[in-house]
Amino acid sequence: MKLLKKSGEEKTALIQRTALIQRTAAKAAAFFLTLVMTAVCIAGIIIASGMAHSGIYTKSEDEFMREQAGGIVQSDMNEIVSYVMKGRNSFEIEEFCSYKNISRVTVTSEDVHRTVWSWKRDGEYENDTEYNMYVRWDNKSNLITDISSRRFLSDRSAKNVEKIKFSIHYLNPPVIDDSYKQRYDLIHLAYSMRYAVYFIIFASAFLAIASFVFLMCASGHHKGREEAEKGWGTGFPLDLLSAVVFLPLFPLLSPYNFNDIIIVLMWLCVWEIPFTAFCMSFALRVKLGKWWRNTIIYKFIRGVVRIVRKIPFVGKTALIISGVFLAEFILMVVNRSSNYDQILALWFITKLILFSAVIFVAVQLKKLKQGGEAIASGDTEYKIDSSKMLIPDFKEHAENLNNISRSVNIAVGEKMKSERMKTELITNVSHDIKTPLTSIINYADLIGREECKNEKITEYTEVLLRQSKRLKRLIEDLVEASKASTGNLEVVLTPIDANIMLMQAVGEYEEKIKAFDLEVITDEPSEPISINADGRRLWRVFDNLLNNICKYAQSGTRVYLSLGRDGNDAVITFKNTSSAPLNISADELIERFVRGDESRSTEGNGLGLSIAKSLTELQNGTFGISIDGDLFKVVLRFPLV
Amino acid sequence: MYNILICDDEQDIVNALKIYLSDPNYTIFEAHNGREAIEVISREEIHLVLMDIMMPQLDGISAMVKLRETNNVPVILLTAKSEDTDKILGLNVGADDYITKPFNPVEVAARVRSQLRRYMQLGGSIVKRDSYVVGGIELNDRSKTVAIDGDEVNLTPKEYDILKLLISNAGRVYSPKEIYAEVWKENPFGGENTVAVHIRHLREKIEINPAEPRYLKVVFGQGYKIEKGKGI
């Protein structure tokens with residue numbers, strides 16, 4: 001009943017864990033319960049196995065009793081036999097019998113079938129248990145030659161040997177307090193309890209497990225604290241603790257000690273105490289997380305890893321490879337005597353391991369290479385996945401590459417931002433310049449309109465007007481060049497008929513070109529060529545190029561405009577003969593403010609080509625210039641629709 | 001007599017404009033910010049406004065928005081801002097024309113004249129039958145004459161036909177090939193090259209600034225069209 005009550009307590013304890021696990025008394029009780037119940041359980045198992053071995057579960061109580069009481073009956077019988085055979089006083093035998101639970105003794109001679117001696121207790125005993133003993137008696141020497149609980153089947157005896165049967169009846173149930181009664185009571189108890197043992201085993205096992213689980217949950221929890229706290233020897237290295245706790249078990253495993261089961265069991269019962277404490281410590285370590293950290297083995301491995309990490313990459317590689325070779329060599333030497341097949345298998349296995357390691361390294365190198373290529377080609381968004389790189393040096397390298405691409409990305413962003421700010425600045429400044437410029441142009445114009453006798457004033461005014469108009473143009477071009485080069489310009493790409501475009505451009509410029517005494521020769525295919533471009537921006541490109549031609553082409557020469565198809569590109573070519581020698585490279589010519597003529601005497605500001613190039617590129621086209629002597633050639637390429 | 005309001009915060013520019021627009025028919029009023037301009041307009045009967053955008057106190061755009069609540073007077077914006085977005089914004093909030101600084105004085109005078117004519121003479125006139133009107137262009141198919149802001153211009157028959165084709169389908173883009181086929185009534189075997197030249201000539205006759213046409217627009221890579229609506 002007491003056990004059942006405790007079990008009920010345990011159940012509520014589990015339910016109200018949060019409250020109970022913080023109580024020291026509850027924990028102490030659970031600890032005690034665990035120890036006791038485990039001991040009970042073990043004892044129960046031993047008893048049950050012992051009882052099963054003696055056959056308590058297969059035999060009837062009577063039969064079992066007979067078997068178990070055999071020793072006591074034997075000793076009683078011996079006493080009686082010796083009394084009878086040695087012809088002692090029958091009073092002594094009677095006294096002996098009356099002190100035992102014996103109800104009747106009959107001694108009969110088998111040979112002559114007569115009762116030699118008998119004794120009977122006063123009163124009627126119906127449930128007597130009868131035990132028989134057969135004795136062979138040598139008349140000549142007055143000695144017992146043979147005693148058995150069974151009848152002698154064959155008669156090998158000589159003439160002077162007498163066969164005697166002893167029959168003893170025991171009281172059932174026994175009433176006199178002697179060794180027989182004690183044995184009888186014990187057997188009776190064992191027999192009536194033979195199934196209850198199982199219940200005790202299960203109940204105690206359940207209780208032991210329940211209280212053990214409770215202990216595991218409760219370990220580390222203290223009054224008024226939410227989280228588990230250190231304690232239970234968590235500061236002590238786990239593997240050392242395990243050694244201390246588990247080493248005493250090893251002697252028990254030797255067969256010599258194992259036979260002495262009682263000592264073993266007692267030892268186990270005592271050992272339970274440190275073991276339970278160890279379990280609580282372990283449970284607490286698990287709760288605190290990373291339980292493996294506080295072990296000597298972990299610390300040792302970590303130390304080794306740290307040392308290895310400090311070794312430079314090449315040294316590390318050399319160390320690993322030489323380690324592998326050394327292991328291989330040792331294995332070869334050890335297996336020198338063994339047969340060829342074994343050596344072959346060993347070679348195969350080592351090479352397989354080496355192969356997979358090399359492939360693993362190669363895969364990571366490939367990732368790094370891809371990342372490096374992507375970053376080198378300007379893909380600053382590319383990220384190398386370093387999460388699966390197990391080799392720390394490679395991982396570090398991947399992260400370095402990622403950092404490079406990130407910083408490049410940031411630098412590019414800053415550059416774009418500063419370019420945009422520059423454009424804004426230029427735009428704003430140009431607005432501010434334009435207002436006074438308007439007045440300059442207008443008043444120069446007004447001076448020019450005044451009738452003036454002084455010719456010099458008229459001439460100077462013309463210069464003033466011309467130059468201020470040039471300044472106006474320069475400011476406008478500057479704004480446009482800055483916007484075009486930073487891409488700060490809205491470009492709407494639509495399919496455009498390049499043939500019509502060319503025709504319109506020529507039409508717009510026909511008269512101007514004629515005025516410069518130039519002849520335009522166009523060459524276009526009959527099939528329409530369609531490109532994706534922004535008409536107005538493209539016109540600006542054509543405008544600048546044709547304007548350049550007007551400015552710099554040698555008068556009296558021909559200008560060639562051609563449109564063609566080259567693969568997936570539409571190619572538009574402008575060719576003209578320069579009036580001034582072009583002592584300049586094509587790349588320099590596109591630079592802002594660079595002009596073909598070094599004197600800078602002609603009109604123009606050197607922004608035209610730069611703007612045209614930027615605008616072409618904004619429309620996904622390419623802008624190429626080639627100079628061959630005086631032949632100046634511009635090639636525009638746009639992808640076909 | 002026309003009353004013109006010149007509104008700019010730069011006195012020098014106002015003075016220069018006054019000189020350029022000195023005409024016995026014009027009376028010039030001046031203002032130096034948007035607030036003053038609105039005040040003058042509410043006080044005087046103004047027929048045309050030349051207005052700067054960047055001005056202290058009240059800028060040109062805001063002043064025009066306010067002005068347009070009650071008044072339909074033509075407004076020409078004069079500004080140093082030359083970006084397309086600025087132009088579109090100005091025209092969207094109700095400007096009739098847009099001139100960027102530094103301006104050509106002749107062009108300013110021409111535009112002023114054009115706006116005044118349209119506002120004073122054509123504004124209320126009934127559109128005659130057989131005539132097409134877009135902005136300041138009026139093409140009379142019966143008399144075969146074309147007038148720009150009331151002034152008749154001389155066009156060659158081909159130019160007239162091209163203009164008639166485009167104006168009668170205002171807003172539609174014609175490719176050079178189509179124009180050639182419609183006007184020359186021939187198969188365009190390379191002949192459409194002349195269309196561009198004719199268009200250029202036509203533009204010189206009907207536009208104040210052929211490089212920045214108000215009516216006859218070049219749609220690069222596609223063709224030509226007459227802008228539908230009032231035209232800029």
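**Close-up views of a predicted two-chain model**

**View 1. The second largest pocket.** In this predicted model, the second largest pocket has a volume of about 590 Å³. A pocket here is an open set of points on a 1 Å grid over the protein atoms alone, where a 1.4 Å probe fits, with protein on both sides within 12 Å along at least five of seven lines; its volume is the space filled by probe spheres set on the points. The lining (residues with an atom within 4 Å of a point) numbers 21 residues, and those nearest the centre are Thr317(A), Ile320(A), Ala357(A), Val361(A) and Ile391(A).

**View 2. What lines this pocket.** Helices H12 (296-310), H13 (313-334), H14 (340-376) and H15 (392-449) of chain A each give at least two lining residues; helices are DSSP runs (H or I, at least four residues). By class, the lining holds 15 nonpolar, 2 polar and 4 charged residues.

**View 3. Where chain B meets chain A.** Here 35 residues of chain B are in contact (heavy atoms within 4.5 Å) with 32 residues of chain A. The two chains bury about 2900 Å² between them, counted as accessible area (1.4 Å probe) lost on being put together, summed over both.

**View 4. A salt bridge across the interface.** Glu508(A) and Arg200(B) join their side chains in a salt bridge at 3.3 Å, N to O; the rule asks for a side-chain nitrogen of Lys or Arg within 4 Å of a carboxyl oxygen of Asp or Glu. The interface has 2 salt bridges by this rule.

**Reading the labels.** Residues are numbered from 1 along each chain, and chains are lettered from A in the order in which they are written. Local features need pLDDT of at least 70, side-chain atom pairs count only at pLDDT 80 or more, and totals for chains, interfaces and linings use all residues, while side-chain values use heavy atoms, without hydrogens and water.

Notes:
Ala, Val, Leu, Ile, Met, Phe, Trp, Tyr, Cys and Pro count as nonpolar, Asp, Glu, Lys and Arg as charged, and the others, Gly among them, as polar.
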